[in-house]
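Reader: I am new to this entry and would like to go through it step by step. Could you show me the structure before I begin with my questions?

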2 protein chains.
Amino acid sequence: MSSGAVHKRPSIHDVANHAGVSAATVSKVMHGVPTVKPENAQRVFEAVERLGYRADPLASDLRRAKRRIIGAILPEFESEFFGSMVTHLERLAELRGYTLVAASSGESEEREAEILRRMQDWRVAGVVLAPVRDEHGRGGESMRAHGMTGVMIDRVLSDKSFDTVSADSLSASAEVARELIGRGHRHVLVVGLGEQGACVRARLEGFRKMAEALDPKVRIDVILCESDVEPLRASIRDYFSRGERPTAVFSLFLKGTLVALSEFRRRGWHCPDDISLVGFDDAEWMSVTWPTIAAVVQPVGQIAAQAMDMLFRRIDGESGPPTARLERCQLLVRESVGAPSSGPHSGGGTGQ
Amino acid sequence: MSSGAVHKRPSIHDVANHAGVSAATVSKVMHGVPTVKPENAQRVFEAVERLGYRADPLASDLRRAKRRIIGAILPEFESEFFGSMVTHLERLAELRGYTLVAASSGESEEREAEILRRMQDWRVAGVVLAPVRDEHGRGGESMRAHGMTGVMIDRVLSDKSFDTVSADSLSASAEVARELIGRGHRHVLVVGLGEQGACVRARLEGFRKMAEALDPKVRIDVILCESDVEPLRASIRDYFSRGERPTAVFSLFLKGTLVALSEFRRRGWHCPDDISLVGFDDAEWMSVTWPTIAAVVQPVGQIAAQAMDMLFRRIDGESGPPTARLERCQLLVRESVGAPSSGPHSGGGTGQ
DNA sequence: AACTATTGATAAATCGATTTTTCAGTGCTG
DNA sequence: CAGCACTGAAAAATCGATTTATCAATAGTT
């Protein structure tokens, strides 16, 4: 049965020889083309079985126009959000007989462009791009310029060239505003990264519009930094050092939530007694720590499914104007959100 | 300059025609083979430049015996550990001109085997496998049977067929024991998943040996479950419900740390006043929550680097007995570890 | 000057499939 | 029975590179 290490795998010609037919016939049998005599098909199946033949996807793809490879470019792999996104995309690609090749841009547009170039070299059938910046960044530009088929997700709203799928940031932020204003907060700090991004602006404006609609006198301070997290940390630290005392913080990204928490910790402030906190992106740990952290859950599975659905429709030749899907989020209110504290913060105030 | 969408990319023959040489000459120029007249090389470079030619890695690999693809199979992508691992592996593969194709086994040996089969179809040059179980599971078996070249990482100790790279679980666990015993703990609960794995046993025995060496009268309770996290949760809950009151918990995996935290929370116990906690695997949130959570940091970058180093040595034909590397971990003692509490736990006792 | 080495380049084979073209054999029609 | 459409399969072209074999032109040797 299983003899020693088999180092050279059988090719389609080996199968053909074994079955006494031509390679073309083997190919037909493997693809279920009906114009093959049942007797020959049977012999091919037997040869395949005996030799343990499996088609080489590389060779197989070479002849096709569109290769059965999907590229996925994400800013990073370390977070639950993108990790889960890769898992979903992988499964969806596989379901259709495609292979997913994922790459991380490391939050660099340089690298994003380089990876796109490489994906193009591979002549992938399509690309799922979660751009470092937004739909108007270099990634989309490059895809457009080279006529690639692709879908953009996450940090996008809508695009004139590509289909987009993202969380419904506007509604989600509005719900956060409703929650905070409803609990009596009238001074909120909003923090986030990627100030130029359309998605960030949507999250910010969704929050601002709803908050001001509920109470025009609400005070909303905003700290946005372009990309790196350390400048954001510095700005927040500086903000608190100036004596600013919002009663709640709304973070537009996971990184911001972590920075906010660590700055609270520096000052000895506790949630929600001293300050409330809610942020975009849920994570497993948020429901087991003290306090549990309120978060906007993005529907990763749905975003992935919609993105792949659109992508394969385009791959299959569907034309028409690009679509822009928004998937509904869920706000999980947890212990980190409470009513504004009346007294002064428990921790020291001006400490640096 | 940048004319409209270019849908058909130039092949090596287009370059050859443009430069007035043969395709073979273009190939030589692209690979820096010196037996080309400088004048011709120049013309090839110009044609490459003008046409924007880039070699098709698919076609290029077809002719080679070993393809410039590395497969990575990891249990999941959602955690910081494996997410970071993928990032490192990706970079290291790229550095050598290889493409990394990562896939997640979803903690299933079935899927692990299926993915390995697919990697074989792709005729990858090598595989980095973080097995679902351990070095004696189906994954290694399958790699051996098909004569694949590969390295195993993470949940392994050593193997007679493949190189292995993993965290030095024994030493790390011993250090945890030293820390807990040193602080006065004499009743510790150890929790984890994958009871059959060699790596789990190493973590457990490393802890037990050191703890018993420091104080033979120490009491060590152990709760291990095979794979799923929910049975583990149930067992832990049952354990506490029976009235067991260890003064510290040591988790052998991140999942266990999360489960422990959530069970503490159920009972209203706080770290470290009511119970101490330390676990394998660090995460970003652990240093910003209350309390900060003590953790064993695994040297992801080093594991990745060593694994890829070994892998490429094997790909390049290096023979010799398989090596088993252990990379030193770092214990970060944080607020979740304190001295054992003298009085009864603050929270209710028997609540279910 | 004739013959061999060397150099640089081209033509052809190859990798492993798919797709198109060709072809032999059948069955049907008029 | 000649002519034609149809069926099933083999042969050949193709995808885009690498690698080997071959060949022409030049350089070197006696």
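Reader: Where is the place of B:V188 in chain B?

Author: B:V188 belongs to strand β6 of chain B, which covers residues 187-193. Please keep in mind that this is a predicted model.

Reader: Is B:V188 buried or exposed?

Author: B:V188 is buried, because 25 other C-beta atoms lie within 10 Å and 20 or more are enough for that label.

Reader: Which residues does B:V188 touch?

Author: Leaving aside residues up to four places away in sequence, B:V188 touches B:L180, B:I220, B:P246, B:A248 and B:F250.

Reader: And what separates the C-alpha atoms of B:V188 and B:C329?

Author: These two residues are 141 residues apart along the chain, and 21 Å separate their C-alpha atoms.

Reader: Let me turn to B:P321. Where does B:P321 lie?

Author: B:P321 sits in the loop that joins α12 (300-315) to β11 (324-327) in chain B.

Reader: Why does B:P321 count as exposed?

Author: B:P321 counts as exposed because it has 8 C-beta neighbours inside 10 Å, and the label applies at 12 or fewer. The C-alpha atom of B:P321 is 8.5 Å from that of B:F162, although the two residues are 159 residues apart along the chain.

Reader: Now a helix. How many residues does α5 of chain B have?

Author: Helix α5 of chain B has 16 residues, numbered 80-95. From its first C-alpha to its last it reaches 22 Å, close to the 22 Å expected at 1.5 Å a residue. Just after α5(B), B:G97 adopts a positive phi of about 80°.

Reader: How many residues of α5(B) are buried?

Author: Twelve of the 16 residues are buried, and α5(B) is thus mostly covered. Among them are B:F81, B:F82, B:M85, B:V86, B:L89 and B:L92.

Reader: How many residues of chain B are in contact with chain A?

Author: 42 residues of chain B are in contact with 41 residues of chain A. On the chain B side, the elements that give two or more residues are α4, α5, β2 (99-104) and α11 (254-267). The largest share, six residues, comes from α5(B). By residue type, the side of chain B that touches chain A divides into 19 nonpolar, twelve polar and eleven charged.

Reader: What about the DNA? Which residues are closest to DNA strand D?

Author: The closest are A:S22, A:K37, B:S11, B:S27 and B:A59, out of 23 residues that surround DNA strand D. Two or more residues of this surface come from each of α2 (23-30) and α4 (57-63) in chain A, and likewise from α2 (23-30) and α4 (57-63) in chain B. The surface near DNA strand D has eleven nonpolar, seven polar and five charged residues.

Reader: And which are closest to DNA strand C?

Author: 23 residues surround DNA strand C, and the closest are A:S11, A:S27, A:A59, B:S22 and B:K37. At least two residues each are supplied by α2 and α4 of chain A and by α2 and α4 of chain B.

Reader: Finally, what domains does the assignment give for chain A?

Author: The assignment gives domain 1 (1-49), domain 2 (66-167 + 299-327) and domain 3 (169-297). Taken over C-alpha atoms, the centres of domain 1 and domain 2 of chain A are separated by 37 Å.

Methods:
Residues are numbered from 1 along each chain as its sequence is written. Chains are lettered from A and ligands numbered from 1 in the order in which they are written. This is a predicted model: local features need pLDDT of at least 70, side-chain atom pairs count only at pLDDT 80 or more; totals for chains, interfaces and linings use all residues. Domain bounds come from an automatic or database domain assignment. A residue is near a molecule or strand if its C-beta atom, placed from the backbone, lies within 6 Å of it. Helices (H or I, at least four residues) and strands (E, at least two) are DSSP runs, numbered from the N terminus. Ala, Val, Leu, Ile, Met, Phe, Trp, Tyr, Cys and Pro count as nonpolar, Asp, Glu, Lys and Arg as charged, and the others, Gly among them, as polar. The expected span of a helix is 1.5 Å times one less than its number of residues. Two residues are in contact if their C-beta atoms, placed from the backbone, lie within 7 Å.
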